[in-house]
Amino acid sequence: MPTDGFDLEHGVRQEALERAVARVGHGWHGIAALVELAAASAWPAERAAHEAAPDDPGAAPGDPALSRRSFLQLAGSGAAAVGLAACSSRPSREILPYASQPPELTPGVPLHYATALVEDGFATGVLVASHEGRPTKVEGNPDHPASLGATRAIEQAAVLQLFDPERARLITERGAPAPWAAIEAVLDAARAARGDGLHLVLEPTTSPIAIELIRRVRAALPAAGVTFWSPFSPRASLAGNRLAFGRPLQTQLELRAADVIVALDADLVAEHPMALAYARQISDRRRVVDGGSAMSRLYAIEAGYTATGVIADHRFSVRGSQIERVAGELLAAVLGRLGLAGPPPALTARLASVAPAAERAPWIVAIAAELTGAPGRSVVVAGERQPLVVHAIAAAINAALGNLGRTVGYTEPVAFEAGQPSHDLAGVVRAIDRGAVTRLLVLGGNPVYTAPQGVALAGAIGRVADSVYLGLYDHETARACRYAVPGLHELEQWGAARAYDGTLTPIQPLIEPLFGGRSVADVLHRLLDDPPADARDRLAAAWSRLVPDAPLEAALGLGAVPGTAAPHVAVELAWGALAPVISAAGARSPAPLELAIRPHPFVHDGRYTNNPWLLELPEPITKLTWDCAAQLSPATAARLGVADGDLLALTVAGPGAAGGDTVVAAALAPTATIELPAIIVPGHADDAITVHAGFGRDGGEHTARGIGASAFRLWRSALEFHPAITAVARGDRRPLAITQAELSDEDRPLALTGTLAGLAGPAVRDALAHHRGAQPSLYARRPHAPGAQWAMSIDLTTCTGCSACVMACAAENNTPVVGARQVRNGREMHWLRIDRYYRGPADAPVLAVQPMACQHCELAPCEYVCPVEATTHSPDGLNEMTYNRCIGTRFCSNNCPYKVRRFNWFDFKDHRGLRIAARNPDVTVRDRGVMEKCTYCVQRIRRAEIDARVADRPLAGSDVRTACQQVCPTQAIAFGSLTEVDSPVVEHRRRPHSYAVLHDQGTAPRTQYLARIRNPNGALP
Amino acid sequence: MAALFPPWTNTATHVVLGALGALVAGALAAPMVCARMPDATGVGDPVLQPIAFDHRHHVRDDGIDCLYCHEGAERSAFAGVPAADRCMGCHDQVWNDSPLIAPLRASVETGAVIHWQRVHSLPDFVYFDHAVHVTRGIGCVSCHGRVDEMAAVYQVGRLTMRWCLDCHRDPEPRLRPRDQITNSTWQPDSPGQTTALARQYGTRRLTHCSTCHR
């Protein structure tokens, strides 16, 4: 050790020590100073250790490089630092009142605002809680037709995206800060040229205000081109309806009127813009009170397992490319039974010759019989990932059955110019290639990333002189453009949008723009050289002009304008145009292996991939987190020789092998390859691979970057589905972060299932009765205290496994994100998980999903073993977890038969940065070493109790809604007090199929389940 | 052979063992005792504020009700500190040019917040609600003491869990009529009065953990 150096440092250290010692006065200042002191005393020793190590790797203990004195200093100061690290930081000791308090606000009492979150142009109405101006929690808006009080997981996570510290903050030119004046110069030049050379790329819009603005741009700048792009906006359904009815129409369903529903690769309850409403409608017809309940019948014919397949009575796995053949067979069978005169003779003759493939003849015939048995009360729906002909056939079947106007209606497209050439992204590239574009404005979305492989947008943008991107992130498109301008989150802006059914929805901000930023409307107004105005004033002016009958204030209060749903139009099936298309359906022979690209249920097309909540939310079927995988059936996996996690190289063939539905505009890359780990999904169609889009991000979003690979690279053109691919096992593997690896329940009575017919008989009822009622116990059962006794009931019949409840729980209860590595170690922190178990034969399994959280056992095994009474029982029946008492023995988790307790192995919580602003202030943020679990949202219970007592009224069980219950699209969760005999939760317990999980353990859980009841067709095996 | 351990070693062993035991017990007890000392709880330590606000003058001399400024106490978990414009409601008429309220004038003019120093601070894992206490007959003075006699406000209650539980186990003696909540000097007329109030309020003994910890 160089002694002179030490002396020098010693002097500095002495100063630091003296400074620190002087500050060791009293209280928290003293602690802070002690930390400083420990750091100061550790300094030379650490420096010495550092300096010695690289020069002399062989230095033995006792070597002068690390003297005993230094070692002891290091060890001592280390111990002091560790001890001090255990102390939490000094709490804030200031109160900062408003200078001028808004009259509607009382600090500590959250306000709720009705607004909407928009995806692919369609609005979902939400109510957002705001604590002193800070939005913290999103709930569904019961008055909005696309929400009905529920949301998806995506809306629940919106606040975390709002507070994403990785959002774009500065206007940049090729990464360097630029002034707004530079953008203004581009806009002014475009206007001066009357739009010559200008092209706008927007996201699809439904807002009448935005539409008016776009029309003004077109009028003022007639030479400008406008293109709308979003990869998963409804496209095939509009084009299919054009085939069937002569013009692009949007299909609207009324599923409450449907006794029989046939979903052709259509995930109605999770993937549709109207999914929340459709899920409610389907489940309202499937609530089982007893064996005599009426229940609709749902058939799902699909390749990958979807939420609709989960709740279906019959699910048939058919690869995506073969579904058009199935649809044709179904049409033939239906028309054969009806003997309809509508179709032209040639088609009738052609269809008469169609015989279902032998393996599916029984169920095609059975479904056709069901459909024709319920004319006007049935519906056949095709999914967006199906070619036009399937949509046309579905329309034809519905028309033949007389369903039009009853279960199916058609409206003009709600999105502006949907189904028209302006929605073709290839047009942008063609215009650029012509040299017709010198200024490109990409306002929102991420088209460079989401463009099909046949649309070489990234290169084309590079050839445009002035390209401007406006959006939330510094992502692929922002980087491809010359200028990037920070955009606004939906919770930061004024505006309007329509729901999928056309209902007009106002959008209001919850917070001032966090990073400045500009809205799409701001840019378009500037392009038109409108005088600067406040965004709200602009909206109010446009609103009163365009919607004179509905005052904006009233609309903002309700979050929707009732009665503005698009009117249904009369349609006439164009059999003549349909006949040749239907005749050709399914003529193509299937490829040895095909690909299906679907939007990821949580990150959609990649727009939410930077949201850690959504990345850590297990994908409902595979339970995969933080990754993207190639889903394939067990048989296909065996053929390819891969197991879970084995890397597959997926290659889509070049244009020579293309057999798509449309002409691909630009040249295709000869082949494109991505690498993804395989994941085996029982029930997936054989010889097909499903890949979720949204991963493989390559921009400046650090959370999203580098996860998985992008399915869009295998997407050849917007209307081409199920291309032939090759898959080659790479020989290496990547461990997957899966939260539930086991597929089977090993015949334990966890998620009980039965049939409606079985429930009517005594045998099943008696068997179910064994799973409820009193059990002998060594422990004395506590008598119920007076007042509410909280309990929950979950209906497994209507649960789709959509996972909105899991996300709502995390958002409400501040559960931390742990990351892929800790998920692989089984340390995920979600209080509520959704277990899924496969039953039945391996090639046609039935999936049972079961939300599982703390069961709030009356005789809770966890409580007996806690040495410090950190988990106790409340008089109102809650199994309480008191974090500040917990010392982290984990005995409770060990003794919990449901395995619902979560332990903070590390300090998982966010410490600084913007994301902590999304926290719920009513729930403690847990520290390292503390056990936690579902509390039945005790903060909401206590809040309701306090509100009732302050208002001097009795507490009703319906005053409390847990986060999971509130968000559930199908209202599968009931919560309330057992003391109210007419409450839903008591009514659920009286049903014959109510049961307790692991009832034989004698834990007397307060959460009970309604067994999953299916309504299978007796004519099918 | 002489005994290896003479008789006094028995005593010495006992003394040493006793001392060790006392040491361990002391080491465990000392932090607990320290945490309850006024130094740690902050009891009796007047807190200086950015404005020399004197409760004696405003409450005792002017007779301003607590709830006029701390209006959240009846409706919210937080009693709240008044916004600057609430203070200015009076002070643009009286003492409006006093140098003492210069920070207040600056706050109203510029919108800059005043950094009031917190006197009563509960840990983050404790959820206390003013509204339910105030509307159920617990007076301000029960926890905050005679604020009307304080120049600079100091903490009277220790705010330890024991201190909370003392009342939660036996709330009845602390009850008062709703119209006397802010009265610092109210005393019950008779011992039976608080019993009657407890019946009227439906007062409960809430001692389970999630009453305060959530």
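Leaving aside neighbours within four places in sequence, A:Val681 is in contact with A:Gly304, A:Tyr305, A:Ile621, A:Thr622, A:Gln631, A:Leu632 and A:Ser633; two residues are in contact if their C-beta atoms, placed from the backbone, lie within 7 Å. The model is predicted: local features need pLDDT of at least 70, side-chain atom pairs count only at pLDDT 80 or more, and totals for chains, interfaces and linings use all residues. Residues are numbered from 1 along each chain as its sequence is written, while chains are lettered from A and ligands numbered from 1 in the order in which they are written.

A:Val681 lies in the loop between β24 (672-680) and β25 (688-692) of chain A. Helices (H or I, at least four residues) and strands (E, at least two) are DSSP runs, numbered from the N terminus. A:Val681 counts as buried because it has 26 C-beta neighbours inside 10 Å; the cut-offs are 20 or more other C-beta atoms within 10 Å for buried, 12 or fewer for exposed, and partly exposed in between, with C-beta atoms placed from the backbone. A:Pro634 is 47 residues from A:Val681 in sequence, yet their C-alpha atoms are 6.8 Å apart.

A:Asp265 sits between β10 and α9 (275-284) and is buried, with 31 C-beta neighbours inside 10 Å. A:Glu417 sits between β14 (408-411) and α15 (426-433) and is partly exposed, with 17 such neighbours inside 10 Å.

An α-helix has 3.6 residues a turn, so residues three or four places apart point the same way.

Chains A and B also meet. Chain B gives 36 residues to the contact and chain A gives 32. On the side of chain B that touches chain A, α5 (84-91), α6 (102-110), β1 (116-117) and α7 (130-135) of chain B each supply at least two residues. Helix α7(B) gives the most to that side, with 3 residues.
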